[in-house]
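Me: Got a model here that I'd like to go through with you. Can we start with how the helices pack?

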Amino acid sequence: MDRIDAMQAFVRVVETGSFTRAADTLQASRTRVTQLVQQLETHLRVKLLHRTTRKVNTTADGAAYYERVVRLLADLDDVETSLSTASEAPRGRLRVDVPAPFALHILVPALPAFHARYPDIRLDLGASDRKVDLIDEHVDCVVRGGELTDASLRARHVGDLLLGVYASPAYLARAGTPAHPSALEEPAHRVVGYRSSRTGSPLMTPMRRDDEELRVQGRLALSVDDGNAYLAAGIAGLGVLWLPQYMARMPVARGELVPLFEEWHLEPMPMYVAFPPSRHVSRKLRVFIDWIVELMTQHAPAIRPAR
């Protein structure tokens, strides 16, 4: 038995909850993965997994072993990486998923410079606002806004998005310009909701001015789960928007959107790069994450302590 292979098979079974899915991600047969885990259990003389027809769960010993093995495999990868030649250029395929507006407004326009710096890295880019299963979908990392709720992921805080409230001139001509956020609750006004992929409910951002704080729900004209569609709905005059400033900058400059309630403070939205805990941070992934930090420093630098 190759103990490293067996450890990797065990870790992947735990993370995917299935021998079949683990085999797919390892590009091995289900029989081979099963044999490796069984050999590991025999070697350790403990039962690591509870197997049922529907689900695979860790035993108490298996859960403790998993925590240690994840760190061990990560340390082993770090050692091997540190011994590689410093002059070796990062290369290979990197699968990432980022929010659609981030791809459109920030990442894709900057990609020529990235490829000039790292010509041997091939990016497979997903541009979506959906929740991505990094293990099952073989994704190396995701860029996401908002507090991360999945404690199983490793994450690096890369920046904070400043938010503002906006509406189109056509909408304001029709509904009137609200003097106070609470006016958005009145029958004349409508808001466009951004529907969270995690909760399925529209997000509501708290607003503060001095000692006054409120959350505006408003009357929904439309809710969407895609950031680019959300912006388009606001420009079309369907309602009031809560937007990251980087998304609003050009529409405001072109006169397509007007900022509202500029004396009010909205809590910034943290941005993270997240990746699986057992996934080795290869050179190609490390340089990509560092590049994302560079982009965020230009467009939305971190204003909170790193987490």
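Reply: A definition to begin with. Angles under 35 degrees count as roughly parallel, over 145 as roughly antiparallel, 65 to 115 as roughly perpendicular and the rest as oblique. Axes are lines fitted to C-alpha atoms, for helices over the stretch in contact, and angles run from 0 to 180 degrees between N-to-C directions. This is a predicted model: local features need pLDDT of at least 70, side-chain atom pairs need 80 or more, and totals for chains, interfaces and linings use all residues. Residues are numbered from 1 along each chain as its sequence is written, and side-chain values use heavy atoms, with hydrogens and water left out.

Me: OK. At what angle do H1 and H3 pack?

Reply: About 110°, with the axes 8 Å apart. H1 and H3 are therefore roughly perpendicular to each other. H1 covers residues 3-16 and H3 residues 30-44. Helices here are DSSP runs of H or I, at least four residues; strands are E, at least two; both are numbered from the N terminus.

Me: Which residues in H1 and H3 meet?

Reply: From H1, Arg3, Asp5, Ala6, Met7, Ala9, Phe10 and Val13. From H3, Val33, Leu36, Val37, Leu40 and His43. They divide into nine nonpolar, one polar and two charged. Ala, Val, Leu, Ile, Met, Phe, Trp, Tyr, Cys and Pro count as nonpolar, Asp, Glu, Lys and Arg as charged, and the others, Gly among them, as polar.

Me: New topic. How many residues has the largest nonpolar core?

Reply: It has 60 residues. Such a core is a set of buried Ala, Val, Leu, Ile, Met, Phe, Trp, Tyr and Cys residues joined through side-chain atoms within 4.5 Å. Buried means under 20% relative accessible area, exposed over 50%, partly exposed in between (1.4 Å probe, protein chains only).

Me: Which helix gives the most to this core?

Reply: Helix H9, residues 283-299, with nine residues. Apart from this core lies another, of 21 residues, with Phe10, Phe19, Leu48 and Tyr66 among them.

Me: What about Trp291, buried or exposed?

Reply: Trp291 counts as buried because its relative accessibility is 3%. It sits in helix H9.

Me: What does Trp291 contact?

Reply: Leu107, Ala110, Leu111, Phe114 and Arg117, leaving aside neighbours within four places in sequence. Contact means heavy atoms within 4.5 Å.

Me: And what share of the chain is buried?

Reply: Buried residues make up 46% of the 307. The chain has nine helices and 15 strands.
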